[in-house]
Amino acid sequence: MEKKLPRVCVIGAGPSGLVASKVLKERGIPFRCYEKGSDVGGLWRFENDSGLSAAYESLHINSSRQLMAFSDFPMRADLPDFPHHSQILEYLEEYASHFELREETSFQSQVERVKSMGPAGFEVNIRSRSGDEHVEGFDAVIVANGHHWSPRIPQLEGEFDGQILHSHQFKRSGPFAGKNVLVVGIGNSGVDIACELSRVAKKTLLSTRRGAHVIPKYLLGKPLDRVASRHFWTHCPLWLRQKLFSLLLRLTRGRQSRYGLPEPDYKVLQEHPTVSSEMLNLLGHGKIRIKPDISCLEGNGVRFADQSFESIDTVILATGYDIRFPFLDSGVIRTTGNEVPLYKRVIHPEQKGLFFAGLIQPWGPLMPLAEIQSEWIGDLLEQKARLPAPEQMRLAIRKERATLSRRYVKSSRHTIQVDYFPYLLDIQRQRKRNRGEPALDESRIRSPQQSGDSRKVA
């Protein structure tokens with residue numbers, strides 16, 4: 001007797017939701033995808049009418065197109081190494097059209113609540129843009145709503161006469177022409193926005209508590225993520241990777257303090273990378289100045305930890321995001337401090353049928369990792385793979401959390417951190433091991449040097 005395939009709800013039609021939908025469709029697993037916006041793309045749809053996109057006008061990717069693409073749909077060879085967000089959106093639109101994913105996607109549809117019904121699956125409440133609501137039943141749910149949409153706003157002491165906004169609200173530099181702007185935070189968004197503002201603002205300041213290792217997009221004439229092979233990431237011990245990477249940075253970039261940027265009090269590879277080929281040059285030109293942490297706001301300006309004062313018109317908080325699932329009851333999953341207790345970043349250990357795709361922060365591109373996660377989820381839905389017992393999964397989660405805390409600077413941005421190749425290999429091995437098949441041959445992992453630009457024809 002043929003097994004009945006589960007019916008699946010996919011939440012979100014960004015890159016992770018699209019690839020999850022594609023995997024389900026290829027396998028003949030019935031599903032419905034719900035997207036709050038009017039079309040696919042998620043974060044990569046600039047000024048998305050979902051209101052959730054953090055993209056700004058000048059945004060380019062930090063991973064190379066060769067490594068960022070899905071395995072069976074390479075990006076066009078005529079694209080630059082680091083495409084503009086509009087080119088990534090075009091790629092995702094082509095992907096959705098090629099695999100005919102819009103047919104199973106309900107747009108302008110927001111998932112309001114996912115309620116577990118135990119062995120009976122899930123009840124999903126959906127509200128349309130027009131306000132109509134309905135409930136549908138599903139056997140499984142794949143959460144792919146992203147984690148860069150709920151801004152984290154720090155509490156700042158004092159009163160400020162100017163404008164304060166989060167980087168999520170920043171879309172273009174024009175409105176800040178001739179103004180004194182302070183950007184708070186030295187992650188990728190903060191650095192990108194400061195570089196963009198420095199071209200039009202009267203004064204651009206960047207506040208940081210502890211500095212960061214700023215890594216150029218190109219090393220030795222190659223995109224950063226194509227310099228080292230998968231073998232470097234999967235076989236080289238962390239201490240040796242740090243030594244070699246630090247040496248390479250010293251040779252190609254020199255000491256950061258030479259540009260006026262404080263040297264971090266931690267080693268490279270102990271933080272999510274801040275990637276920029278412009279930042280150090282703009283510091284050297286005096287177009288951007290580094291300031292320490294904010295002490296307090298004082299009327300028309302800001303007092304810093306070193307007691308210096310600067311007159312400021314606008315403060316832009318590039319202070320990250322909170323991981324949230326407003327449609328899930330807190331009893332199902334808690335995200336205090338951005339800790340998300342999932343097995344291999346995908347599986348809820350107690351809630352059968354609840355999966356997460358793309359809830360990772362990789363050293364490298366996210367999209368191919370969301371793809372392998374989706375393939376694993378497909379295996380589980382088809383019962384081609386098995387999971388460990390819940391207590392074993394909980395133990396693995398605790399061990400992974402301990403490993404992250406030992407390696408990374410304590411920060412809520414590092415709770416879902418993974419290394420690209422080791423994580424890819426881990427999920428591949430998980431799929432093979434659970435099937436009772438031989439361990440994976442690592443040579444089968446696609447590397448950017450091996451990937452071609454010819455597209456699979458359906």
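In this predicted model, the side chain of Lys 22 sits over the face of Phe 99, at 5.1 Å from the ring centre. A second contact of this kind involves Lys 217, which lies over the face of Phe 82 at 4.9 Å from the centre of that ring. The two contacts are set out below.

| Charged residue | Ring | Distance to ring centre |
|---|---|---|
| Lys 22 | Phe 99 | 5.1 Å |
| Lys 217 | Phe 82 | 4.9 Å |

Turning to ring pairs, the count for the model comes to 17 aromatic pairs. One of them joins Phe 73 and Tyr 95, whose ring centres are 5.7 Å apart and whose planes meet at 75 degrees, an angle over 60 degrees, so the pair is classed as edge-to-face. Phe 73 and Tyr 95 are both buried.

Another pair is made by Phe 245 and Trp 363, where the ring centres are 6.3 Å apart and the planes stand at 65 degrees, so that this pair, too, is edge-to-face. Here the link again connects distant parts of the chain: Phe 245 is in helix α6 (residues 238–253) and Trp 363 is in strand β22 (residues 361–363), the two being 118 residues apart. Both Phe 245 and Trp 363 are buried.

Methods:
Residues numbered from 1 in each chain as written. Predicted model: local features only at pLDDT ≥ 70, side-chain atom pairs only at ≥ 80, totals over all residues. Heavy atoms only, no water. Phe/Tyr/Trp six-rings, centres within 6.5 Å; stacked < 30°, edge-to-face > 60°. Buried < 20%, exposed > 50% of the residue type's maximum accessible area, 1.4 Å probe, protein only. Helix = DSSP H or I, 4+ residues; strand = E, 2+ residues; numbered from the N terminus. Lys NZ or Arg CZ within 6 Å of the ring centre and 35° of its normal.
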